[in-house]
Amino acid sequence: MKFTIDRTTLSDALVNASKASAVRSNMPALEGVLIKLKEESITVTGYDLSMGIKCVVSPIESIEEGEIVVNAKIFGEMIRKMPAGAVEVSTNGLNVKLRSGDIVFDVAGISGDDYPNIPDLRKEVTFYMDESVLKSMIRQTIHAVALTDIKPVFQGSKFHIENKVLTVAAVDGVRMAKRTEPCDYTDLDFVVPKKTLDEFMKMLSDEPNEKKVSICIDRNQICFAKEDYTIISRLLEGAFIDYDKIMNFTETSSATVKTSDFASALDRTLLLNTDKYKCPVICTFEEGKLHIEIKTSVGNLNENIPINYTGKTMKIAFNAKYMIDALRNSECDEVRVDFTGALQPIRIRPLGDDSFVGIVLPVRNK
């Protein structure tokens with residue numbers, strides 16, 4: 001194999017693909033990335049048997065086809081520390097030579113035959129979403145994915161399509177988040193691991209555009225594809241909680257508050273909350289104002305912010321960090337906060353928009 005390529009182009013592909021490489025494995029090839037040159041196209045692949053990332057880039061010059069596996073971390077650092085401009089990559093057996101001007105690296109590689117094949121998914125179940133819309137849906141909900149193994153299926157986000165509406169939802173036992181958008185498919189249900197979504201989000205643009213992302217499901221595998229980037233991952237299995245049953249309650253009290261005012265006030269309480277944010281903040285909702293209070297071994301804080309409120313005076317305690325996450329991921333100027341009692345779920349929605357719903361469960365006020 002022999003080719004020349006722009007250093008930055010190859011470096012970016014290595015960085016993205018290596019995110020799917022195994023950190024430690026009994027198979028040394030899995031700790032590397034597969035570089036393959038075929039038909040004047042270079043594919044850089046990382047795969048840890050659970051998630052795979054493929055990046056396709058174009059060389060400046062394609063000289064000889066072939067493939068080799070290189071250590072993801074070491075080879076990536078070699079490329080990154082080369083001068084800007086073209087670099088030449090060539091192989092002689094299992095030896096890999098990297099050249100840029102008078103700088104020459106020689107490093108041992110592994111045969112491409114030792115690299116496992118990423119599953120080749122059938123395309124029967126495929127739908128498409130706008131790139132920026134899909135990123136927004138994932139971003140607004142991923143904060144509520146469980147980080148512990150309380151139930152493995154909760155370590156991912158659920159994608160549910162019904163009546164041509166896509167819902168992305170996440171739960172972790174003490175909070176929930178849901179976002180809905182129209183979709184060109186119907187009747188589909190699957191759960192994607194958080195790690196896969198984290199890496200896929202980094203490849204998506206925030207700016208509105210007409211680019212589409214394809215999403216393909218085949219048995220227990222999923223493939224996200226965007227232009228020259230592809231992520232393939234196993235899906236999570238198990239029964240997901242009926243989040244709509246919890247979210248769709250009829251409130252007895254409701255407050256409208258500026259998102260930034262509420263989030264900033266709660267953020268100040270974290271200065272006194274040194275025990276991993278476990279000390280609850282106490283909020284008293286009443287006509288015209290919201291009183292926020294916290295008492296810890298470090299000190300006390302009391303603050304009032306203006307609100308519009310209907311219902312009887314309600315004192316409710318919760319984890320401030322969880323509420324801040326829900327408020328900021330609502331991505332709006334004003335939110336509506338609904339509840340039915342001091343120990344019942346708190347619902348957060350953008351004012352006048354039901355496409356996003358956040359749930360925070362309260363705690364007992366000691």
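Predicted model: local features only at pLDDT ≥ 70, side-chain atom pairs only at ≥ 80, totals over all residues.
Two aromatic rings of Phe, Tyr or Trp count as a pair if their centres lie within 6.5 Å.

Searching the whole structure gives 9 aromatic pairs. Select F240 and Y243 to look at a pair of rings: their centres are 6.3 Å apart and their planes stand at 80°, so this pair is edge-to-face, the term for planes over 60 degrees apart. Both F240 and Y243 are buried.

Next, select F249 together with R347. R347 lies over the face of the F249 ring, at 4.1 Å from the ring centre.

Now move to helix 6, residues 259-269. Colour T259, F262, A263, A265, L266 and T269, which are buried. These residues cover an arc of only 160° around the axis, so they are on the same side of helix 6. In general, an α-helix has 3.6 residues a turn, so residues three or four places apart point the same way.

The last stop is the largest pocket, with a volume of about 300 Å³. Its lining consists of 13 residues; select L34, K36, T43, T45 and K54 to find those that lie nearest the centre of the pocket. Show strand 2 (32-38) and strand 3 (41-47) as well, the elements that give two or more residues to this lining. By residue class, the lining of the largest pocket has 4 nonpolar, 5 polar and 4 charged residues.

How values were computed: Residues numbered from 1 in each chain as written. Heavy atoms only, no water. Buried < 20%, exposed > 50% of the residue type's maximum accessible area, 1.4 Å probe, protein only. Helix = DSSP H or I, 4+ residues; strand = E, 2+ residues; numbered from the N terminus. Arc of directions from axis to C-beta. 1 Å grid on protein atoms, 1.4 Å probe; cavity = no way out; pocket = protein on both sides within 12 Å on 5 of 7 lines; lining within 4 Å. Points joined across faces, edges and corners; volume = space filled by probe spheres on them. Nonpolar A, V, L, I, M, F, W, Y, C, P; charged D, E, K, R; others polar. Phe/Tyr/Trp six-rings, centres within 6.5 Å; stacked < 30°, edge-to-face > 60°. Lys NZ or Arg CZ within 6 Å of the ring centre and 35° of its normal.
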